[in-house]
Amino acid sequence: MLQWCALFIAIITEVAGTTMLKFVGENVSVLNYSVLLFMVGLSYFFLAKAVTKIPLSVAYATWEGLGLVAVTGIGCLLFNEVMSMKKIAGIGAILVGIILLKYGMSDTKKCGDLNE
């Protein structure tokens with residue numbers, strides 16, 4: 001359970017760091033770059049903690065996928081970016097992919113065993 005908490009902290013800090021990219025682009029400062037680098041570093045730290053018990057494919061897909069969904073929402077809400085039907089369909093596809101990867105963990109065969 002702690003690894004899933006670490007994964008969600010990794011997602012939150014990755015989203016914060018990615019959001020800082022917009023602020024760094026608009027206002028270059030040492031403080032903005034410092035926050036960006038700290039958040040991204042913290043995100044990778046917690047992602048590394050998460051993959052100790054969560055399969056890498058599931059952790060990475062969840063981290064990147066939910067991060068992408070959150071950043072898309074933030075872009076829409078804070079930066080007035082357009083939310084098109086194609087973006088909504090893409091978000092749906094990402095979420096379905098994460099769910100399939102998560103529930104695919106219960107399969108007993110490993111990659112080396114697929115030919116048997």
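Mentor: Helices (H or I, at least four residues) and strands (E, at least two) are DSSP runs, numbered from the N terminus, and N32 has its place in helix α2 (residues 30-50). The model is a predicted one, in which local features need pLDDT of at least 70 and side-chain atom pairs count only at pLDDT 80 or more, while totals for chains, interfaces and linings use all residues. Residues are numbered from 1 along each chain as its sequence is written, and side-chain values use heavy atoms, with hydrogens and water left out.

Trainee: What lies 2.7 Å from a polar atom of the N32 side chain?

Mentor: The backbone oxygen of N27 lies at that distance, 2.7 Å, and a polar contact is a pair of N or O atoms within 3.5 Å, where within protein one must be able to donate a hydrogen and the other to accept it, and residues adjacent in sequence count only if both atoms are side-chain atoms.

Trainee: What makes F23 and F79 an aromatic pair, and of which kind?

Mentor: Rings of Phe, Tyr and Trp (its six-membered ring) pair if their centres lie within 6.5 Å, with planes under 30 degrees apart counted as stacked, over 60 as edge-to-face and the rest as tilted. By this rule there are 5 aromatic pairs; in one of them, the ring centres of F23 and F79 are 5.8 Å apart and the planes are at 65°, so the pair is edge-to-face. Because F23 belongs to helix α1 (residues 2-26) and F79 to helix α3 (residues 56-79), this pair ties together parts that are 56 residues apart in sequence.

Trainee: Why is the pair of Y60 and W63 given its label?

Mentor: Their ring centres are 5.5 Å apart and their planes are at 45°, so the pair is tilted. W63 is buried, since its relative accessible area is 3%, whereas Y60, at 44%, counts as partly exposed.

Trainee: Which residues make up the largest nonpolar core?

Mentor: A nonpolar core is a set of buried Ala, Val, Leu, Ile, Met, Phe, Trp, Tyr and Cys residues joined through side-chain atoms within 4.5 Å. The largest has 11 residues: A6, L7, A10, I11, V15, L47, A50, I54, V58, A59 and W63. Helix α1 gives the most to this core, with 5 residues.

Terms used:
Buried < 20%, exposed > 50% of the residue type's maximum accessible area, 1.4 Å probe, protein only.
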